[in-house]
Amino acid sequence: MIPIFHRSPTPPGQGRWRAAIGVIAAGLALPLMASMGGCQGRRLQPMLRPLEGTLYIAVGVSQDALDTELQKEIRMRTTLLQTTFRTLQPRVRLQVEVFPEENLRNELLVRNRTGLSPDLLLVNESTAQELARERLITTVSFPAVVLDQLDAGSVVRVRRRDGTLTGIPMELQPQVACFDRRRVRQSPTSLEELLAFSAKGMEVGLSLDAVNLAWTLGPLGAIDAFSDLLAGKPATPKTRQGLQGWLEWLRMADQQQHVTVYPTETELLKELMAGALDWIPCRSINITRLRSRLGDNLGVAPLPSGPFGEASPVTRERVIAFGVNSSPDQRRLALALARFAISPLHQRDMILRNQYVLPVNREVAPPVRSSSIVAAMVEGRQQSMDRATIRLEASTKSQREGWQALLTRYLFDDLSQPEALAALVELLSGGRVR
């Protein structure tokens, strides 16, 4: 548990903000009331009174990525959210703590029993799904006028069978290629080029983490096999053929002198910043720390395609989820902040100030013409939508961990290719790796 945020005053000279927020204030009020079940006319005036209080927010971050640089990034972005929101609601304060996302379940089990759960959580969509299944967070409803503004696919992924939401989508983090321009003039556009550039000395890093390696499935013809098995369909000869071709490519890539496989993306980032790697796949949110070290030498491009089509990266979707112990007043604050976080005003400013995430609000157009980085992110997002992202976000944590353990054994020759293929089929079908 790492407290990283303290109250800061609203900076002066916010004329543009005051004008803009004056326009949206009324627009936020009605959707907020609707999301809480509506209000009678006699209750309208109390609802429009300024909100007041403290919101407790838990930010989940991958344990491997939880370092000083990321804490600075979270502090900056939380400050931005509080500063803009307090222009509308000056009596609201945010208190933020950062947790390893892998530990959130156990943390909430303790806090929920003692009545001290956070009011809001900012987590990956897959984490919100898992927490909702165990009733460690509260599902919520938002009116159609709010949800219709958001990326339709993101809303579908957070909607449960009963129509409630595990959370409200806030931002998108596509996966792209990051490289050092001093060593790589142009990012490879195909897997064939990737290995050809590597043969000429380009140091390539790959991660065995399931989410970070999924981008190779589409180009290698294995994405349908993964998707079908995760959906519960039986393995067929075509399924096994797709998986076998993918495993063969991984083995071939791993045997290249200038291709190195690492357990996590965090290690890739450190090696690229240290100059030990020249090209890696990376999550867009990590571009901030890469640029702080590499400056203008950092290049960003879409991930390479292959003989079977475009890359199939997973776009991380960050959602705002709701705790179970909030008082009625704190729930009002939480709903108001969530509504504000997805408003065009905040989403647009979030992108302009930090061009390393994409908005979920469809009314906000990413500035692709003025930023090659944003253009690459938009293409990465489109790739993930075109290739259906293999249902990976719906897979269980144990499956994702099992995938990584299996591939590690395979690349270290602890499993033969037939053994790895059989184990992978069993794992994706809901079994366990022996």
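**Strands, a salt bridge and helix pairs**

Reply: Strand S2 (residues 52-61) pairs in the parallel sense with strand S3 (residues 91-100) over ten bridges, where strands pair if DSSP finds at least two bridges between them. Helices (H or I, at least four residues) and strands (E, at least two) are DSSP runs numbered from the N terminus. This is a predicted model, in which local features need pLDDT of at least 70 and side-chain atom pairs count only at pLDDT 80 or more, while totals for chains, interfaces and linings use all residues. Residues are numbered from 1 along each chain as its sequence is written, and side-chain values use heavy atoms, with hydrogens and water left out.

Me: Which residue of S3 is the bridge partner of valine 61?

Reply: That is proline 100.

Me: And what joins S2 to S4?

Reply: Three bridges do, and S2 and strand S4 (residues 120-124) run parallel; leucine 120 in S4 stands opposite isoleucine 57.

Me: Switching to charges, how many salt bridges are there?

Reply: The count comes to 14 salt bridges, each being a side-chain nitrogen of Lys or Arg within 4 Å of a carboxyl oxygen of Asp or Glu.

Me: Now helices: at what angle do H12 and H13 pack?

Reply: Helix H12 (residues 265-274) and helix H13 (residues 287-294) pack at about 15°, with their axes 9 Å apart. Axes are lines fitted to C-alpha atoms, for helices over the stretch in contact, and angles run from 0 to 180 degrees between N-to-C directions. H12 and H13 are therefore roughly parallel to each other (under 35 degrees is roughly parallel, over 145 roughly antiparallel, 65 to 115 roughly perpendicular and the rest oblique).

Me: Which residues meet there?

Reply: Leu269, Leu272 and Met273 in H12 meet Arg289, Leu290, Arg293 and Leu294 in H13, contact meaning heavy atoms within 4.5 Å. The residues of this contact divide into five nonpolar, no polar and two charged (Ala, Val, Leu, Ile, Met, Phe, Trp, Tyr, Cys and Pro count as nonpolar, Asp, Glu, Lys and Arg as charged, and the others, Gly among them, as polar).

Me: How do the axes of H10 and H18 cross?

Reply: The axes of helix H10 (residues 223-230) and helix H18 (residues 417-428) cross at roughly 45° and come within 8 Å, and the two helices are therefore oblique to each other. Phe226, Leu229 and Leu230 in H10 meet Leu424, Val425 and Leu428 in H18, a contact whose residues divide into six nonpolar, no polar and no charged.

Me: And the axes of H11 and H17? What is their angle?

Reply: Helix H11 (residues 237-254) and helix H17 (residues 397-411) have axes that cross at roughly 55° and come within 11 Å.
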